[in-house]
Amino acid sequence: MIEDKNQQRTDLSTLGEFGLIDHLTKNFVINHKSTVKGIGDDAAVLDFKKKVVVTTDLLVEGVHFDLSYMPLKHLGYKSVIVNLSDVYAMNATATQITVSIAVSNRFPLEALEEIYAGIETAAKIYNIDVIGGDTTSSNKGLLISVTALGEVENEVYRSGAKPNDLLVVTGDLGAAYMGLQVLEREKEVFKVNPNIQPDLDQYTYLIERQLKPEARKDIVKLLNDLDVKPTSMIDISDGLSSEIMHICKQSKVGCDLYESKIPLDPQVISTCEEFNIDSTTVALNGGEDYELLMTISQDDYPKIKANPNLTIIGYMTEESAGMHLVTRAETKIPIKAQGWKNFNE
């Protein structure tokens, strides 16, 4: 966390806007036939033979990330992942992104190179084309906006869940939030004594889930291979409780979520104990897990029951029954959304 004071620093004004774009995007290659024209003209040209999904996210310094512990390369990577996760939540295949960045004059060229290195890494791993975007100046620090596009044949909405459908989640929950808690704690320690280096070995999984999350591209293929089409699906960016409520409200159903079934990594459990935080509360409200939450017909249960990537955590009920957490003590508590909300005071 100690800053290198001898880093090379190239002022962005030495390149100009178009020179900067050329410099940052020179390594991007085109992989998809649907990309007719990428970066280099007034607009990209795409030729989709299938239905197209489009999503966009804006990340703002001081609101969505803290550069005191978020490496710029990781930030570039994460800015792509949060968008791809939304594409996969539609049961779609991500194919292209555009990237727009606004920076203040405190950021030299080398900083933007790091961000774009992360973007390039994500593009290679997830096989997407970077086809355009914009760069501009900012007097409010750093802002990154990514728009993702994808192809879809059998799209899945939030509105298709039916009573008696199984509630299923991928991966495990709560690690990203606890990673954030560890980083915030170490930031405060660093403020008091900059010579103290943090020992994060016991939190590696949590830190990675916060700083370098992954989108569940594999799940789209897995479901297709299993011949399972979810009745509804959403990505977990704002916390499990919020996402369940989105599905319930848009599908006009209720839900029973079983506390004992929520998947938690051992590192989450031990760190929650260290911080004296309830692990169920973290899983429900933490957010930034970028796992997929879906409902699946009970007819498809035999296809998913033994799969280690999928955990059944409850089932859908009639709307009149409401949305409830069934505790380990077998009591029912109404589900409330207390996760991430934009425009919080």
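Q: Does Arg-216 count as buried or exposed?
A: Keep in mind that this model is predicted. To count as buried, a residue has to come in under 20% relative accessible area. Arg-216 sits at 12% relative accessibility, so the label for Arg-216 is buried.

Q: Which residue forms a salt bridge with Arg-216, with the closest N and O atoms 2.8 Å apart?
A: Let's go via the network first: salt bridges that share partners join Asp-172, Arg-209, Arg-216, Asp-218, Asp-289 and Glu-291. At 37% relative accessibility, one member, Asp-218, counts as partly exposed. The partner at 2.8 Å is Asp-218.

Q: How many residues apart in sequence are the parts that Lys-187 and Asp-66 tie together?
A: These two form a salt bridge, with their closest N and O atoms 2.5 Å apart, and both Lys-187 and Asp-66 are buried. Lys-187 lies in helix α4, while Asp-66 is in the loop between β3 and α2, so the pair ties together parts whose separation in sequence is 121 residues.

Q: In β6, what is the bridge partner of Lys-51?
A: Strands of a sheet pair through backbone hydrogen bonds, either parallel or antiparallel. Here, β3 and β6 go for the antiparallel sense, over 10 bridges. In β6, Lys-51 is partnered by Val-152.

Technical notes. Residues numbered from 1 in each chain as written. Predicted model: local features only at pLDDT ≥ 70, side-chain atom pairs only at ≥ 80, totals over all residues. Heavy atoms only, no water. Pairing = 2+ DSSP bridges. Helix = DSSP H or I, 4+ residues; strand = E, 2+ residues; numbered from the N terminus. Salt bridge = Lys/Arg side-chain N within 4 Å of Asp/Glu carboxyl O. Buried < 20%, exposed > 50% of the residue type's maximum accessible area, 1.4 Å probe, protein only.
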